[in-house]
Amino acid sequence: MGDGKVKIGVVGVGGMGEGHCTTMQGIEELELVAVADVSPERAREVGEQFGVPHFAGHGELIEAGLAEAVLVATPHYFHPTVAIDAFEAGLHVLSEKPIGACVGMAEKMVEAAEKSGKVFCVMFQMRTVAGVKKARELVEAGELGEIKRTLLISPEFRSQAYYNSGTWRATWGGEGGGVLLNQAPHIMDVFVMLGGMPSKVHGRCARLMHEIEVEDHAEAMLEYANGAAGYFYASTCEVGQRTLEIVGDKGRLRLDGGRLSFWRFEPAVSEFNRTNTEMWGAPKAERVELEIEECENGHQVILRNFARAILQGEPLVAPGKVGVGSLELANAIILSSYKEEPVEVPIDRGEYDELIERLRATSKFQGDWGKTSWETDPQFKK
Ligand SMILES: NC(=O)c1ccc[n+]([C@@H]2O[C@H](COP(=O)([O-])OP(=O)(O)OC[C@H]3O[C@@H](n4cnc5c(N)ncnc54)[C@H](O)[C@@H]3O)[C@@H](O)[C@H]2O)c1
């Protein structure tokens, strides 16, 4: 740490892990010192590409003592395992999303982070988009007032060819869920960050278009502790732009893609209701012109922020523990769908783990990591 650089190892150097190794080259505060992958061939290839030692597993990488931090870019089930081992060895951790497949394990990861006192960050780079940052400022400044309604429409189209690119993809054994676990977590994080967590979830998951084990369609009716209502939809069958809407007592915000709009209610709805005497009266909803400063966004912002949190105590844009919220919502929708009834949030961790164990037992993917996407996907055949 002495020369102002964090020595970092990357665990899991498939598509995303290799991408992060490349991005790090442009980040002054980070020095890539090692890579690890369960596929020794893949580990060697990426290690040689970046001129750093390579290891066949995260344990060997940690034991080598070269790294003071790790970035975990394995498939999701391994994020907690790798992170907990790293925290116990006194390393800082940046985990890919989602922080795990099951919320119970994710909580153990947060506990291990807190016990170690090390920096724990999650790669939720959507938090760095200008419109999202501004939306967060509005909510934190109380501009919406008490939340009354939430809406998320998240088309995340993926083709069958995408699913065929990795044997672990979209299987219960390899991934532990579909659109809720892989494609939607970024926007789900923003949804929970702005609208809070529901207290009850009535979900329906389905496979509508793809030949996969897990859901390519998920929807849910949400109920919040104050009685607020929400609707959630995410699908890899639909093409289009994401829409997120949060309506409060004092205003409404809407994100269409990264574009933010905001309406202020004059006066607040509850106040108007108390004071108005006209039969057809209603508060004004005025569109507010927002000053949104364009800014750098993407993986590199989270990587730099992680390094600066270690070096200078810079506040994290996406602290690891926030990863529990969007994962809890994903798990709740799956659990409710399987039970065919609404579930209370927080969900019963043990019940969810049992459901996933049952589904994993039925999966055609039983841990054959030797044939993951870097072997079958043409993008890796350079
Ligand atoms: N933040 C983002 O924008 C973003 C984008 C894509 C993927 N991701 C996340 O990154 C993770 C990896 O996705 P990917 O698309 O790179 O998958 P991938 O299949 O391309 O790569 C995964 C790699 O991990 C290796 N691996 C498997 N188990 C391991 C273990 N226990 N220890 C070490 N290595 C192991 C595999 O051999 C493979 O090389 C996923 O959790 C995914 O959700 C995030």
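**Note on the ligand shell and the domain contact**

1. Two helices, α1 (15–24) and α13 (373–376), each give at least two residues to the shell around the ligand. Helices here are DSSP runs (H or I, at least four residues), and strands are E runs of at least two, numbered from the N terminus. The largest share of this shell is that of α1, with 3 residues.

2. The model is predicted: local features need pLDDT of at least 70 and side-chain atom pairs count only at pLDDT 80 or more, while totals for chains, interfaces and linings use all residues. Residue numbers start from 1 along each chain as its sequence is written.

3. Around the ligand there are 29 residues, of which G12, G14, G15, M16 and E96 come nearest. A residue is near a molecule or strand if its C-beta atom, placed from the backbone, lies within 6 Å of it. The shell divides by class into 14 polar, 11 nonpolar and 4 charged residues. Ala, Val, Leu, Ile, Met, Phe, Trp, Tyr, Cys and Pro count as nonpolar, Asp, Glu, Lys and Arg as charged, and the others, Gly among them, as polar.

4. The protein chain is split into domain 1 (6–124 + 298–319) and domain 2 (127–295 + 326–363), with bounds from an automatic or database domain assignment. Their C-alpha centres are 27 Å apart.

5. To the contact, domain 1 contributes 18 residues and domain 2 contributes 21 residues; two residues are in contact if their C-beta atoms, placed from the backbone, lie within 7 Å. On the side of domain 1 that touches domain 2, α5 (103–116) and α10 (299–312) each supply at least two residues, and α5 has the largest share, 3 residues. That side of domain 1 has 13 nonpolar, 4 polar and 1 charged.
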